[in-house]
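This report is for a reader new to the structure shown below. The headings that follow take up single residues, packing and overall layout in turn.

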Amino acid sequence: MPGLPGPGITAGAARRILLTMRRHTLLIDADDTLWENNVFFEKVIEDFITLTEPCGYPRAYIRHILNETERRNIRQHGYGVRSFGRSLEETYLKLAGEMSRHESLAQIHNRVVDLERTPPKILDGVPETLAYLTQRHRLILFTKGEPAEQAAKVERSGLQGFFEAIEIVPEKDPHTYRGLVNKHKIVKSHGWMVGNSPRSDINPAVLAGLNAVYIPHTNTWELEHEPVVSGSSKLVILSTFRELRSHF
Ligand SMILES: [Mg+2]
């Protein structure tokens with residue numbers, strides 16, 4: 001009979017499905033969306049370049065070699081502070097050659113240890129906006145990186161209570177987005193990825209059929225830059241996290 005649940009579906013289950021359809025699922029990025037991240041890495045990189053410069057290379061060249069080394073190490077060892085520390089050390093040894101000094105290596109190591117201990121600096125308006133969103137929608141934190149390191153950051157941020165699930169993956173690509181859609185039974189037309197990175201948050205989510213909210217951050221890491229694609233999904237561009245309230 002039209003209007004009644006089909007065979008095998010109880011009225012309660014049908015109501016639950018309807019409720020799920022009505023509200024949205026927001027996958028929310030963490031680094032440089034919920035808290036500052038890249039600005040701390042950039043500070044370490046600036047000091048690293050200053051330390052390496054006396055070996056006789058222009059600053060831009062040192063940065064270029066570091067970026068190349070990072071790309072290679074990310075492919076092999078993934079993201080995270082330790083992978084970054086390895087890239088700094090390798091870049092230093094490559095450029096300094098016979099001029100390499102133990103003290104410089106120790107200095108680099110100490111900066112990386114400090115970086116790992118830096119508490120997350122929550123971005124303006126984030127806790128109150130999450131408090132608002134979590135009452136209306138399903139929130140899932142979706143971040144990439146080294147699992148233990150990212151989990152520790154989430155815990156120290158004090159924001160985990162706003163999320164139904166915390167998902168940490170080695171790389172955010174269309175494949176991992178599709179996996180999340182299946183795992184959490186996300187209705188794509190009501191599914192959104194919210195983040196600062198075109199390469200990791202916006203483009204792969206759109207390719208997987210989700211909608212996206214792009215919140216650019218002035219300090220987004222060079223390796224995350226990419227032109228934004230929109231396809232047939234909805235794409236909203238906001239200047240602050242707080243503005244999510246006007247859309248959800
Ligand atoms: Mg990010």
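Does Lys-185 count as buried or exposed? The model is predicted, and in it Lys-185 has 9 C-beta neighbours inside 10 Å. A residue with 12 or fewer is exposed, so Lys-185 counts as exposed.

## Two residues with positive phi

Lys-185 is placed in the loop between helix 8 and strand 6. Its phi is near 50°, a positive value in a residue other than glycine.

Asp-32 is not a glycine either, and has a positive phi of about 65°. This residue sits in the loop between strand 1 and strand 2, the latter covering 35-36. Asp-32 has 23 other C-beta atoms within 10 Å and is therefore buried.

## The chain as a whole

The chain has 248 residues, of which 32% count as buried. It holds nine helices and eight strands. The C-alpha trace spans about 85 × 30 × 30 Å along its principal axes.

Among contacts between residues at least 6 apart in sequence, 67% join residues at least 24 apart.

## The nonpolar cores

The largest nonpolar core has 32 residues, and within it Val-194 and Ala-212 touch the most other members. Seven elements each supply at least two residues of this core: strand 1 (25-28), helix 6 (126-136), strand 4 (138-144), helix 8 (174-183), strand 6 (191-195), helix 9 (198-207) and strand 7 (211-214).

What does Val-194 touch, not counting residues up to four places away in sequence? Its contacts are Leu-26, Leu-27, Ile-28, Asp-29, Thr-33, Val-213, Ile-215 and Leu-244. Another core, of ten residues, lies apart from the largest one, and its members include Ile-45, Phe-48, Leu-66 and Ile-108.

## Helix 9

Why is helix 9 described as largely enclosed by the rest of the structure? The reason is that eight of its ten residues are buried. These buried residues are Pro-198, Ser-200, Asp-201, Ile-202, Asn-203, Pro-204, Ala-205 and Val-206. The buried residues of helix 9 pack against strand 4, helix 8, strand 6 and strand 7. After helix 9 comes Gly-209, with a positive phi near 95°.

Asn-203 is a residue of helix 9. It counts as buried because 23 other C-beta atoms lie within 10 Å. Leaving out residues up to four places away in sequence, Asn-203 touches Pro-198, Glu-226, Val-228 and Val-229. Asn-203 and Pro-174 are 29 residues apart in sequence, and their C-alpha atoms are 8.3 Å apart in space.

## Helix 4 and its two partners

Two packed helices are described by the angle between their axes and the distance between the axes. Helix 4 (residues 81-96) and helix 5 (residues 102-117) have axes that come within 10 Å and cross at roughly 160°. Angles over 145 degrees count as roughly antiparallel, and helix 4 and helix 5 are therefore roughly antiparallel to each other. Their crossing is right-handed. On the helix 4 side, Val-81, Phe-84, Gly-85, Leu-88, Glu-89 and Tyr-92 take part, and they meet Ser-104, Leu-105, Ile-108, His-109, Val-112, Leu-115 and Glu-116 in helix 5. By class, this contact has eight nonpolar, three polar and two charged residues.

Helix 2 (residues 38-52) also packs with helix 4, at an angle of about 15° and with the axes 11 Å apart. Angles under 35 degrees count as roughly parallel, so helix 2 and helix 4 are roughly parallel to each other. Helix 2 passes helix 4 in a right-handed crossing. Phe-41, Phe-48 and Thr-52 of helix 2 make the contact with Phe-84, Leu-88, Tyr-92, Leu-95 and Ala-96 of helix 4. By class, the contact of helix 2 with helix 4 has seven nonpolar, one polar and no charged residues.

## Gly-145

Where is Gly-145 found? It is in the loop between strand 4 and helix 7 (147-157). Gly-145 counts as buried because it has 22 C-beta neighbours inside 10 Å.

Leaving aside neighbours within four places in sequence, Gly-145 is in contact with Tyr-79, Gly-80, Gln-150 and Ile-168. Gly-145 and Thr-240 are 95 residues apart in sequence, and from C-alpha to C-alpha they are 24 Å apart in space.

Terms used
Residues numbered from 1 in each chain as written. Predicted model: local features only at pLDDT ≥ 70, side-chain atom pairs only at ≥ 80, totals over all residues. Core = buried A, V, L, I, M, F, W, Y, C linked by C-beta atoms within 7 Å. Buried ≥ 20, exposed ≤ 12 C-beta atoms within 10 Å, placed from the backbone. Helix = DSSP H or I, 4+ residues; strand = E, 2+ residues; numbered from the N terminus. Contact = placed C-beta atoms within 7 Å. Axes fitted to C-alpha atoms, helices over the stretch in contact; angles between N-to-C directions. Parallel < 35°, antiparallel > 145°, perpendicular 65-115°, else oblique. Left-handed = near helix turned anticlockwise from the far one by under 90°. Nonpolar A, V, L, I, M, F, W, Y, C, P; charged D, E, K, R; others polar.
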